[in-house]
Amino acid sequence: MNSLVSIKDLPYHTVEWLLQNAESFAQYNGGALQRGTVVNLFFEPSTRTGLSFQMASHRLGLEIMDFSIEGSSIKKGESLQDTLETLDALGVDIAIIRRGDNWPAQLNLAKLRMSVVNAGSGIFEHPTQALLDALTIKQHFGRLQNLKVTIVGDIRHSRVARSNVELLTKMGAEIYFAGPAVFQAEDLTQIPRVDLDWAVQNSHVLMLLRVQLERHELAYDLVNYHKEFGLTEGRLRLLNKSAIIMHPGPVNRGVEICDAALDDPRSRVLTQVQNGVAARMAVLDWCLQGGPHDKLVSA
Ligand code: CP
């Protein structure tokens with residue numbers, strides 16, 4: 001079966017295929033399509049990703065096994081690899097994992113029959129977020145090629161930024177970064193940095209990132225951050241009329257984005273949430289199909 005732990009592992013044609021299937025699932029209202037069992041292993045909190053994987057599993061007709069980190073033998077010290085091998089032996093088909101470190105690098109996927117799907121690995125990867133973001137952009141513009149996408153804010157601590165850079169660059173978009181120098185990432189120096197006011201007027205997509213207060217001490221006070229690097233009401237008035245506003249959520253209202261921007265017709269923040277179900281249906285379906293795509297292992 002296929003696994004998805006890193007966007008780096010996805011060839012161009014597989015991304016296209018997943019986006020095409022996600023488009024079909026976005027229109028789909030029918031019944032069960034697949035048989036199989038899914039387990040969610042979330043070591044970090046989540047609303048959108050966790051629930052949309054559950055919704056995607058229900059829509060596909062997959063059975064979700066009852067599992068909680070707190071009530072599992074992980075609490076007795078069992079490693080993630082041993083836990084997955086145990087779930088594999090029990091007959092589970094897909095494990096969906098979110099943890100605050102680069103956990104795919106610690107796994108030996110070759111020892112597993114089951115598929116493993118990355119629902120977030122520390123600051124490193126959030127592949128299904130990148131897929132749902134690509135779907136949202138493609139639905140609006142009809143393409144990804146030659147679009148200017150500016151990612152604004154806490155890039156250093158953002159798995160969303162890393163997966164989006166990987167996927168959108170692969171698909172032909174132009175990526176720019178804006179925001180405070182302290183949030184720039186040393187591993188992403190190839191991406192040009194631009195002034196936020198330039199980005200507001202020239203980008204097709206303005207993607208604001210949450211300031212990840214739980215991962216660091218903010219170097220700015222929040223009111224000043226909003227004035228200097230947030231999508232304020234003033235910047236909203238200057239935003240390109242045909243641009244779209246994106247944010248992976250959850251948002252810090254009044255920090256990286258103002259209330260008016262979330263209510264603006266150009267906002268796609270809730271469309272992103274909605275597309276999370278379709279994109280994740282496409283990934284789970286692809287995992288179970290195996291077939292034409294090789295099993296993908298962690299980068
Ligand atoms: N975008 C995202 O990953 O949101 P959650 O943390 O709510 O899943």
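In the predicted model, the ligand is surrounded by Ser46, Thr47, Arg48, Thr49, Arg98, His126, Gln129, Pro248 and Gly249. Ser46 places a polar side-chain atom 2.6 Å from an oxygen atom of the ligand. For His126, a polar side-chain atom lies 2.9 Å from an oxygen atom of the ligand. Gly249 contributes through its backbone, with an N or O atom 3.3 Å from a nitrogen atom of the ligand.

The largest pocket has a volume of about 420 Å³. Its lining comprises 20 residues, and those nearest the pocket centre are Arg98, Arg159, Arg210, Gly249 and Pro250. Two of these, Arg98 and Gly249, are also listed among the residues that surround the ligand.

Empty space left between atoms is shown by rolling a probe the size of a water molecule over them. One cavity of 30 Å³ or more is present in the structure, and the volume of the largest cavity is about 60 Å³. The residues lining the largest cavity are Arg48, Thr49, Ser52, Gln129, Leu132, His247, Pro248, Val269, Gln272, Val273, Gly276 and Arg280. Helix 2, helix 4 (127–141) and helix 10 (269–289) are the elements that each give two or more residues to this lining. The most is given by helix 10, with five residues. In the cavity lining, six residues are polar, four are nonpolar and two are charged. Arg48, Thr49, Gln129 and Pro248 belong to the cavity lining and are also found around the ligand.

Confidence in the model was considered last. The average pLDDT of the chain is 92, and 93% of the residues score at least 70. Residues 291–299 have a pLDDT below 50, and this stretch has 29 contacts in the model beyond near neighbours in sequence.

Definitions and conventions
Residues numbered from 1 in each chain as written. Predicted model: local features only at pLDDT ≥ 70, side-chain atom pairs only at ≥ 80, totals over all residues. Heavy atoms only, no water. pLDDT = per-residue confidence, 0-100. Contact = heavy atoms within 4.5 Å. 1 Å grid on protein atoms, 1.4 Å probe; cavity = no way out; pocket = protein on both sides within 12 Å on 5 of 7 lines; lining within 4 Å. Points joined across faces, edges and corners; volume = space filled by probe spheres on them. Near = heavy atom within 4 Å. Polar contact = N/O pair within 3.5 Å; in protein donor to acceptor, adjacent residues only side chain to side chain. Helix = DSSP H or I, 4+ residues; strand = E, 2+ residues; numbered from the N terminus. Nonpolar A, V, L, I, M, F, W, Y, C, P; charged D, E, K, R; others polar.
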